Amino acid sequence: MSFARNASSTALTQVVRTFLGLGLAVLLARWLSEADRGIYAVVATLALFCDQLSQLGMRMAVIYRMSQRPESRPRAVGAALELTLVAFAVLALLAALSVDPLRERFLLGADRAFVYLALVLAAADLLSGLGDAIARGIDRFDLRNADQMAISLVTLAATWVSLVVFQSGLLGLLAAIAGARLATLLVFGALTLRRSGIDLAPDPRELRESLRFGTKGHLQTLLTRLHERADVMLMAALRVDPAQIAVYAIAVGVIDRLQVVPDSISSALLPKLATLSPVEMGPYTARVTRHLVFWVALSGIALAAVAPFGVPLLFGPKYAASVLPLFVLLPATAMLAVRTVVSSYFVAVGKPGFNAKVQALALAVNVALNLWVIPRFGIVGAAFASLVSYAVEAIATVAAFRGATRCGVGETLVANRKDLAPYLGHVRRLRARLGGA
């Protein structure tokens, strides 16, 4: 297994997906009203929560189980799929029985159909994410990356056809996206299972072991997503104007683009750490983290330079108000990068419970601050609450990592001369080529 190959190919894929996602965001901003864009953000967030609630940690579990028992991969895949489907069926039933409270409390009073579409989107994302994990577990990052690229492409295409060609409105848009993602799931799901194998015969031992490992990390993943998106749902619950939610969603969406590399690195890092000895895991994680912080910081500086004129240019003058919450959130990108990578270390050493505790603390801070600042300061207050809570989780995570590995804060966060030497060498060679030309 080549960490460098997997990380670089995944990062390249995610960079391309970033541009596709940016195109999607521009389409939504320019072809939907601000109110509909706000409802779209809330529906997408509800789908994300349903996805996370149903996972039961099976994405991490299937990677772990396949790496520990390669000869039993089909059983591990079958158990993960069975547990995931049962969990989602239970959640979907509860949601169907609570349609009216959900739409009144969290969907700004939108039609019932939006709740059902959120469930369809959640199912597509849930099973696609499991397929993603299976591909990573069998070291088929090429298949995983192709799937990720296809999801972005079909989502963009479905949005263009729905909004620009047929002008079908928000409901038609969500239906088109859901259909496109389900079609992609069928294709890549079949390709992935063909390579991994699958045994759907119930295996009590495999089910028990997968559930035992998965639930340890599930709480962490669930709390992480709740933390990252609680602000949108709280704004909906507090009856913030949907147009303001749309403005905030644009700011968050732009910031999320800077998480492309950290997410790519993290997805490749966990399988890699599983192959290292406990002594090697700490220094390896620290080295990856400080390289990542360096690049995220550079990206943040570049974004700060272009955001004041770039955001209104891309999304339209009505979204110029997104720039202020964007600047408030900008320092959080480095904090998120640190948490994303270092948390993989605690999963790899069998302590996902620590990550869950940190996320519970950060979520509590986030919710408490949001409930206080949103009614007073609106979307800027929500951005500030997120910044503070991300700082809490980053500090707690780095402190615990230092205690567990003896890797100092500087060693974990600050790139040294040896780290920067390859980059400087590339710059010199580039300058020499340009000068020679």
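**The whole chain first**

Start by showing the protein chain as a cartoon: you'll find 17 helices and zero strands. The radius of gyration is 21 Å, close to the 22 Å that the globule rule gives for 437 residues, so the chain is as compact as a globular protein of that length. Keep in mind that this is a predicted model. Along the principal axes, the C-alpha atoms fill a box of roughly 60 × 55 × 50 Å. Color by burial next, and buried residues come to 54% of the 437 in the chain.

**Next stop: α12**

Select residues 278–315, which make up helix α12. How far does α12 span between its end C-alpha atoms? The answer is only 47 Å, while a straight helix of 38 residues would span 56 Å. Now zoom in on Ala 307, where α12 bends by about 65°. Then step just past the end of α12 to Gly 316, which takes a positive phi of about 110°.

Pick out Val 161 and you're in helix α7, residues 141–165. Val 161 has a relative accessible area of 36%, so it counts as partly exposed, the class between 20% and 50%.

Technical notes
Residues are numbered from 1 along each chain as its sequence is written. This is a predicted model: local features need pLDDT of at least 70, side-chain atom pairs count only at pLDDT 80 or more; totals for chains, interfaces and linings use all residues. Side-chain values use heavy atoms; hydrogens and water are left out. Helices (H or I, at least four residues) and strands (E, at least two) are DSSP runs, numbered from the N terminus. The expected span of a helix is 1.5 Å times one less than its number of residues. The bend at a residue is the angle between axes fitted to the seven residues ending there and the seven starting there. Buried means under 20% relative accessible area, exposed over 50%, partly exposed in between (1.4 Å probe, protein chains only). The radius of gyration is taken over C-alpha atoms; the globule rule is 2.2 Å times the number of residues to the power 0.38.
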